[in-house]
Amino acid sequence: MRTKAIIYLDNFKNNLNLVKTRVGQDRRICVSVKANAYGHGALQIARESLKAGVYCFGVAAVPEGEELRKGGIKAPILLLSQPHPNEIPGIIKANLIPIISDSEFIVILNKQAAAAKVKLEVHLKIDTGMGRIGCPALEALELARQIKKSPALKLTGTATHLAVSDSADIRDLEYTKQQITRFKKAITAIKAAGIDPGIIHAANSGAVILHPDAWFDMVRPGILLYGYKAVQEFELPLNHLKKLMKLKSLMVEPVMELRSTVSLIKKIKKGESVSYGRTWIAGKDTYMAILPVGYADGLPRLASNKWYVSISGGIYPVIGRICMDQCCIDLGEKPNVERWAEAVIFGSDIVPEEPELPIIYHSAAALAETVGTIPYEITCNINRRVPRLYK
């Protein structure tokens, strides 16, 4: 197999157990499996999650929920993004739980659910400062009343989303506190009106780490479960040192490793160029390996001439522009690499015991930093043509 993504299920289960330990074994967990579980394979991740006692799953699109249902997943599935009215029959058939944030959609959803003779569960989404979907906090009570009066709908949850919960900047910590306060006030108003808000949830990965006040009845971790904290602990302010000590036990491990194969080795003479645009020219005679992995597979083109791969225990630079389906690697004047050897594009940050030795290979977080993005984008962009092998 030329290029493949190795998915380490034990790492995923360990990460999930760390989250469960942190938030409490009795608190419900919604595992985010949107975007094919951040590139890791939604159905397989869902099955492993259920074995560990996860309550429900979060998806962004109706087809994602339908895929889980066809794969035998019977747990609740939250539809976290705003669907189109034309998708409501699919929502009803797959028994998905849509997020509601406006009066118009309540009317549309209730009408179609009534026509289908079902009682559809919904969650109310409150915008407390994300500025995306969700109703204003002051309008939450009125929408909760409208849902309660809708005979074909049942309010089983109330949620918000935190904009900067992954940031340790003191201003962002304060902003998140303000969001939580607005959310609590809205929930209090709903309860005071005699309406059951259902499962209350707000915490994403960042809030699982930094904001226990946001845990409520359920947490919705995403990238944290796939091995990336998204919070730089060393940036925490001094008044969070106690919290920092507690975080040391939350040592999550990357779940995905991207590998390819040396398909060809050829000699490059001094002065010869490699790949499109001639952005790399050999300064001396050297040997080059061709790997059948490119930006169509998910290796960012922006990593051209900036990234390193691990082959046979050594590290070698990517040279020239990364192509759609291939990239080039400089093996040096006396390569210790054989044709068909495996190459690790990214995996975990492995630090050798002997400090003079190089890091063997880097994680998706390091690749993300190299190209100016986040690890979410790296793993999500691993194309479906790349087979996933589960270990």
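1. Helix α8 covers residues 170-192, 23 residues in total, and spans 33 Å between its first and last C-alpha, close to the 33 Å expected at 1.5 Å a residue; the expected span is 1.5 Å times one less than the number of residues. Helices (H or I, at least four residues) and strands (E, at least two) are DSSP runs numbered from the N terminus.

2. The model is predicted: local features need pLDDT of at least 70 and side-chain atom pairs count only at pLDDT 80 or more, while totals for chains, interfaces and linings use all residues. Residues are numbered from 1 along each chain as its sequence is written, and side-chain values use heavy atoms, with hydrogens and water left out.

3. At the start of α8, the backbone nitrogen of arginine 171 has a side-chain oxygen of aspartate 169 within 2.8 Å. Just after the helix, glycine 194 adopts a positive phi of about 80°.

4. Strand β6 has seven of its eight residues buried, so it is largely enclosed by the rest of the structure. Strands count as paired if DSSP finds at least two bridges between them. β6 runs parallel to β8, with seven bridges joining them, and lysine 125 stands opposite alanine 159 in β8. Two bridges link β6 in the parallel sense to β7 (residues 135-136), where proline 136 faces aspartate 127.

5. Strand β5 (residues 97-100) is also parallel to β6, through two bridges; isoleucine 99 stands opposite histidine 123 in β6. Together with helix α6 (residues 103-115), β5 and β6 make a right-handed β-α-β unit, that is, with the strands pointing away from the viewer, the path from the first strand over the helix to the second runs clockwise.

6. A nonpolar core is a set of buried Ala, Val, Leu, Ile, Met, Phe, Trp, Tyr and Cys residues joined through side-chain atoms within 4.5 Å. The largest has 105 residues, and Val31, Val33, Leu68, Leu124, Ile311, Ile329 and Phe346 touch the most other members. Helix α8 gives the largest share of this core, six residues. A second, separate core of eight residues includes Trp280, Met288, Ile290 and Cys328.

7. Beyond its neighbours within four places in sequence, leucine 124 is in contact (heavy atoms within 4.5 Å) with residues including Ile100, Leu143, Leu155 and Ile190.

Technical notes
A polar contact is a pair of N or O atoms within 3.5 Å; within protein, one must be able to donate a hydrogen and the other to accept it, and residues adjacent in sequence count only if both atoms are side-chain atoms. Buried means under 20% relative accessible area, exposed over 50%, partly exposed in between (1.4 Å probe, protein chains only).
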